[in-house]
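Let's take a walk through this structure together, one stop at a time. Have the sequence and the 3D view ready as you read.

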Amino acid sequence: MNAFQPGELVLLTSQKGKTWLVRAGSGSFSCHLGNVDLQDVVGRQEGEWLETHRGAKVFLFRPSLGDYVHKLKRRTQVIYPKDMGAFWIYGDIRPGDVVLETGVGSGALSLALLRAVGPKGRLISVEVRPEFAQLARKNIEVFFGKTPDNHTLLVADVTALPLKVTVDRVVLDLPEPWLAVEAVSACLRTGGLLLSLSPQVGQAQMVCQELKRHGYANVTTFELLKRNWKIDARRARPEDRMIGHTGFITVAKKIARTSEVVPTIRDPEAPVPS
Ligand SMILES: C[S@@+](CC[C@H](N)C(=O)[O-])C[C@H]1O[C@@H](n2cnc3c(N)ncnc32)[C@H](O)[C@@H]1O
């Protein structure tokens, strides 16, 4: 068993599921349920609880990546866990892969990509705004406890950057992703996958056109909707509110430059035409 150490991130969780991110051992914490001394977290196990001075229980957990993404400091729109999961699986990002990501924003997607490539992989991130790069660095360091050795964060405009690397996957989260296709395609190995997220369908359309022009096959765009449900003894129905729209995800596969015919590969999940 792995007890909480001083300085570790802890997700305090009320019995109704409200959460707060704190550090073990640093000061006290107060909320509507009462106060707890965070020194009392040190030495306890995940899943144990503290009692506030008013007698309410707060459970102790390490934040999951999804929990942390909802709590991290942000100055940009971030990619939400539902879309991170799609990037990981539809992008087939594997341990040991080398991934190029741009822009970095607040670093939320960087966290998921670092998890997916694992310690034997590498993440190269490019962000044009130094202040966002600095914030992302901090968010990544807080989550992993240190800056991962396999992460390189470059402050640069990706469209103007001659990148002398070969990567297995490219991930774009840019306002004008089509402008980056030429530069990043020079780094992506043949057979590698490119993923892009855009909030507006016009952006997705532009990126799809550019990808087809640059020799990509199986260019597919989709969006994912996630709806939580209220379920208890008396009711089982959807929540009143949901995050209705985040973005359109485009996935494409790079073909060999020498190919004369761009193969049309059917989306394996599309309905079979009758
Ligand atoms: C929506 S944010 C990315 C959010 C990030 N994926 C996350 O999950 O936190 C878009 C970022 O792209 C950056 N950006 C825009 N144009 C760029 C360019 N040409 N090169 C590099 N970064 C760029 C912006 O500064 C911004 O930080």
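This is a predicted model: local features need pLDDT of at least 70, side-chain atom pairs count only at pLDDT 80 or more; totals for chains, interfaces and linings use all residues.

D92 sits in the loop between helix 2 and strand 7.

Side chains of opposite charge can pair when their charged atoms come close. Here, D92 forms a salt bridge with R169, and the closest N and O atoms of the two are 3.8 Å apart. R169 belongs to strand 10 (residues 167-172), while D92 is in the loop between helix 2 (81-90) and strand 7 (98-102), so this pair ties together parts that are 77 residues apart in sequence. If you search the whole structure, you will find 14 salt bridges.

Now move along the chain to another spot where the backbone deserves a look. T102 and G103 are joined by a cis peptide bond, with omega at about -15°. G103 is found in the loop between strand 7 and helix 3.

Where does the ligand sit? You will find the ligand in the largest pocket. Two elements give two or more residues to the shell around the ligand: helix 3 (108-117) and strand 8 (122-127). There are 23 residues around the ligand, and those that come nearest are I79, E127, D157, V158 and D173. What kinds of residues make up this shell? The shell divides into 12 nonpolar residues, seven polar ones and four charged ones.

A polar backbone atom of I79 is 3.1 Å from a ligand oxygen. For S106, a polar backbone atom lies 3.2 Å from an oxygen of the ligand. A108 has a backbone N or O atom that is 3.2 Å from a ligand oxygen. Finally, how much of the ligand does the protein bury? Taken alone, the ligand exposes 610 Å², and the protein buries 86% of that.

How values were computed: Residues are numbered from 1 along each chain as its sequence is written. Side-chain values use heavy atoms; hydrogens and water are left out. A residue is near a molecule or strand if one of its heavy atoms lies within 4 Å of it. A polar contact is a pair of N or O atoms within 3.5 Å; within protein, one must be able to donate a hydrogen and the other to accept it, and residues adjacent in sequence count only if both atoms are side-chain atoms. Accessible areas come from the Shrake-Rupley method with a 1.4 Å probe; for residues, only the protein chains shown count as cover. On a 1 Å grid over the protein atoms alone, a cavity is a set of points where a 1.4 Å probe fits but cannot get out, and a pocket is an open set with protein on both sides within 12 Å along at least five of seven lines; lining residues have an atom within 4 Å of a point. A molecule sits in a cavity or pocket if more than half of its atoms lie within 2 Å of its grid points. Helices (H or I, at least four residues) and strands (E, at least two) are DSSP runs, numbered from the N terminus. Ala, Val, Leu, Ile, Met, Phe, Trp, Tyr, Cys and Pro count as nonpolar, Asp, Glu, Lys and Arg as charged, and the others, Gly among them, as polar. A salt bridge is a side-chain nitrogen of Lys or Arg within 4 Å of a carboxyl oxygen of Asp or Glu.
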